Amino acid sequence: ASGTSFSIGTPTTISYTVTDKADLTASCSFTVTVVDATNPVITCPSAVSISTSTGAATGTASWIAPSVSDNSGSVTVSVTPTVTTTSGQASAVFGLGTSTVTYTARDAAGNTNTCKVSVTVKDNEVPKITCPADVTSTTASATQAATWSPATATDNADTSVAITYSKSSGSSFAVGTTTTVTATATDDAGNFATCTFTVTMQDTGKPSITCPPDISVNAPTTSPSTTVSWDAPATSDNWGVDTVTST
């Protein structure tokens, strides 16, 4: 009868027969088809942000698989790229940057709907840096240039880590000093690590001293001795004169 409920899908034939008082009959029929024109409902979780795995340029992200419903009750879900789903938990390995995972829900009538999960992988791992050995140089001058082998650095994601120094190899250092040099390795993500070594400049230059010329004075007629004076010796040194003594 009119007002009857019909399910989605298979057409249903409705037949009517009319009979008159002379028992003569006539009939007609029509079909009722309930068409599913409603898209499935699919809801993805919020965006996911993770760090790279230790020592790697990739990270493993996980999230709750989308919830899906449809008026027909029959829905299949596909996903790109491929992910692993176990007990409602999805996971996959992603490279640095932001990737998009797209889920598509399709019902038996071919109606579809999609949702997307944004996955961002960040590099938060600092590089590893190794400094050269401490440097000891000698000089007979007030300053001397010192050189050293470069520091080395590796990183989980950056194949060419930039290294800077608080003082460059070949810089001049004052005699008698020990200077700490800091090397800093910075990767493409801005993560950095430091190491230090020292540069010691030892003095090998002897001081110079110039005495006044020999002195000859006449003794007074009334004494066997007399006071004699002279200018102090001229001295110099690359590091500076410490003391001058006489005997």
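Q: In which sense do S13 and strand S19 pair, and over how many bridges?
A: Strands are DSSP runs of E with at least two residues, numbered from the N terminus, and two strands pair if DSSP finds at least two bridges between them. Here S13 and strand S19, which covers residues 192-203, pair in the parallel sense over five bridges. The bridge partner of Thr139 in S19 is Asp203.

Q: What should I know about the model and its numbering before going on?
A: This is a predicted model, in which local features need pLDDT of at least 70 and side-chain atom pairs count only at pLDDT 80 or more, while totals for chains, interfaces and linings use all residues. Residues are numbered from 1 along each chain as its sequence is written, and side-chain values use heavy atoms, with hydrogens and water left out.

Q: In what order do the four strands of the open sheet lie?
A: The order is S13-S19-S18-S16, and the pairing in this open sheet is mixed. Strand S13 (135-139) and strand S16 (162-165) are the edge strands, since each pairs on one side only.

Q: How many disulfides does the structure hold?
A: A disulfide is a covalent bond between the sulfur atoms of two cysteines; the criterion used is a pair of cysteine sulfur atoms within 2.5 Å. The structure holds two disulfides. One joins Cys44 to Cys115, with an S to S distance of 2.0 Å, and because the torsion about their S-S bond is about 65°, this disulfide is right-handed.
The other joins Cys131 to Cys195, also with S to S at 2.0 Å, and with 90° about the S-S bond this link is right-handed. The pair links distant parts of the chain, 64 residues apart, with Cys131 in the loop between strand S12 (128-130) and S13, and Cys195 in strand S19.

Q: Is Cys195 buried or exposed?
A: Buried means under 20% relative accessible area, exposed over 50%, and partly exposed in between, using a 1.4 Å probe and protein chains only. Cys195 has 13% relative accessibility, so Cys195 counts as buried, whereas Cys211, at 57%, counts as exposed.
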